[in-house]
Amino acid sequence: MDFHIPLNSYLQKYRYKYAALYHAIHDEIITGKLKKGTKLPSTRQFAMIYEISRGIVNQVYEMLTAEGYLSSEVGKGTFIIYERKPLEENKQKHTYNIRLSDWGERLSNLNHQSMPLTSALHNEKKCIYFKIGSPDLSSFPYEAWNRCLYAQIRETAIQPIEDMNHTRGYFSLRKSISLHLLKTRGIQSTPEEIVIVNGSMQAIALCSQLLINPKDQVIVENPCYKGIHKAIQAAGGIAVPMDVEKDGIQFQMDNWQSKLAFVTPSRQYPTGVVLNLSKRQKILEWANNNNAWIIEDDYDSEFRFKGRPIEPLKVLDHQDRVIYIGTFSKTMKTELRIGYVVLPKQLVQPFYHSKQLYEPHATGIMEQRALTSFINQGLYERHLRKMTRIYQSKHLTCLNMLKSKLSHLFSFNESDAGLHIFGKWLLSDIKYDVLKQKCGEKGVFWTDSTCMGLGNHSNKQHTACFGFSHLSTEDIKTGINLIASIGETLDFIHHA
Ligand SMILES: Cc1ncc(COP(=O)(O)O)c(C=O)c1O
């Protein structure tokens, strides 16, 4: 009988003999090496040839029979009945035009490219990357955080988690967030108005699905966070970009034919400017008069280095028009994936239902409970105080270095908060490209925010964000010095 399977190599890969045998035969069949109609050795012969127990062979034959690969006929033996499709047919199958919903089509057509990184970033070579939104993990209180996490692991091992089913998130966490928001941001809320989300992006996406119909106009800041733009486009909405000036989003209210606006008032993303009070009042007035919603994305206002904290729009919102979104991604760790949304009363139920559709059971409940205990023990506030000191010093170094070394290349926005500094490029496009390319070759990168600009400007001004939070002071200095030294060579480029 011409029958062979490479069992030995499978025995090295799989811990159990039955699994090795199963996969060895299965793979031979689906790759076409064992063809339809081939008769397999009897279980007794098989056991003898491959020195394996007859019971195991029996078990594997039964598994493959149940899955439709084999069939046994009494008195005749066991045969392969699976027929592998010819290659061409297989190929064609993958190139069929699949049918997606309109939503799926819109989503697929979005530009899903992440921030441009050059290959050097993936090399072994050390690089300095001024990326945005990355907490300094070297100062993260691992011990205290792990203690909170392990306590939850121990506790939940011996008793069921009663709040497990809560799509809205762990009640005590919502209570702690409500207290924290009152103390640090002046926001009055109840735990019932708060829903925990898997990062603020989830809240942005759910709100977009909930509030935007195809062709609806949605006001956005220009430039703006790509995630917001994508969520609007996926919902079929039309983003109406409003330029950002020194005191925040530009107001041409007559053009605001919209029922929804996304804003980042405390620290505009990515420019870092603050929406001034009179504009805050105007936008609230617009929402009240037009029965519109405002989504306030308060993504990194925790770290303020000078002056009083900026009051969120939500505090001034007496008509319940503002959906306030916050996150622990910048203050704790990005991969923690815990954010929250404070909802106007009328939106509590609709938002809850939209989240419930995707998550009938809360996810990350262990982390939610650990975070509650971290906050309630005062560890979160202590961590914020410590990180504010650390970031303040890095911010100062970064800003001073940028101003003294690169102000002939960029005009920087000097904000007193946040984890990155925004700059507008002052020279020609070609010089920007050369600088970016040459710095990349030397292992220094910044976040190119040019793509965050919306609208049809054919020659968009290049902009850059210098995220400093995760870098050491040394790296900040080295990186900026290198950009400055390469910047000096740009004078020799005389095009355009
Ligand atoms: C302005 C802005 N909003 C929302 C998000 C999403 O944050 P999260 O990690 O909480 O989903 C980000 C992430 O960087 C952001 O920059």
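# Exercises: a cavity, a ligand, a pocket and a sheet

Arg185, Ser266, Ser301, Arg304, Pro309, Ile310 and Ala417 line the largest cavity. This is a predicted model, in which local features need pLDDT of at least 70 and side-chain atom pairs count only at pLDDT 80 or more, while totals for chains, interfaces and linings use all residues. Residues are numbered from 1 along each chain as its sequence is written, and side-chain values use heavy atoms, without hydrogens and water.

**Exercise 1. Describe the largest cavity by its volume and by the classes of its lining residues.**

Step 1. Start with the count: the structure holds one cavity of 30 Å³ or more. (On a 1 Å grid over the protein atoms alone, a cavity is a set of points where a 1.4 Å probe fits but cannot get out; a pocket is an open set with protein on both sides within 12 Å along at least five of seven lines; lining residues have an atom within 4 Å of a point.)

Step 2. Sort the lining by class, and you get three nonpolar, two polar and two charged residues. (Ala, Val, Leu, Ile, Met, Phe, Trp, Tyr, Cys and Pro count as nonpolar, Asp, Glu, Lys and Arg as charged, the others as polar.)

**Exercise 2. Find the residues around the ligand and the helix that gives the largest share of them.**

Step 1. Collect the shell (residues with a heavy atom within 4 Å): Gly199, Ser200, Met201, Ile204, Tyr225, Tyr269, Asp297, Tyr299, Thr327, Ser329, Lys330 and Arg337.

Step 2. Helix α9 (residues 200–211) supplies the largest share, three residues. (Helices, H or I with at least four residues, and strands, E with at least two, are DSSP runs numbered from the N terminus.)

Step 3. By class, the shell splits into five nonpolar, four polar and three charged residues.

Step 4. Look at the distances to oxygen atoms of the ligand. A side-chain N or O atom of Thr327 is 2.6 Å from a ligand oxygen. For Met201, a backbone N or O atom lies 3.0 Å from an oxygen of the ligand. Lys330 places a polar side-chain atom 3.1 Å from a ligand oxygen.

**Exercise 3. Work out which strand gives the most residues to the second largest pocket.**

Step 1. This pocket holds about 450 Å³ of space. Of its 21 lining residues, the closest to its centre are Asn222, Pro223, Val244, Lys424 and Gln461.

Step 2. Two or more residues come from each of the strands β7 (238–245) and β14 (420–425). The most come from β7, with three.

Step 3. The lining counts six nonpolar, ten polar and five charged residues.

Step 4. Go back to Asn222 and Pro223: a cis peptide bond joins them, with omega about 5°. Pro223 sits in the loop between β6 (217–222) and α10 (226–234).

Step 5. A cis peptide bond also runs from Tyr269 to Pro270, with omega near 5°. Tyr269 is among the residues around the ligand, and Pro270 belongs to the loop between β9 (260–263) and α11 (277–290).

Conventions
Polar contact = N/O pair within 3.5 Å; in protein donor to acceptor, adjacent residues only side chain to side chain. Points joined across faces, edges and corners; volume = space filled by probe spheres on them.
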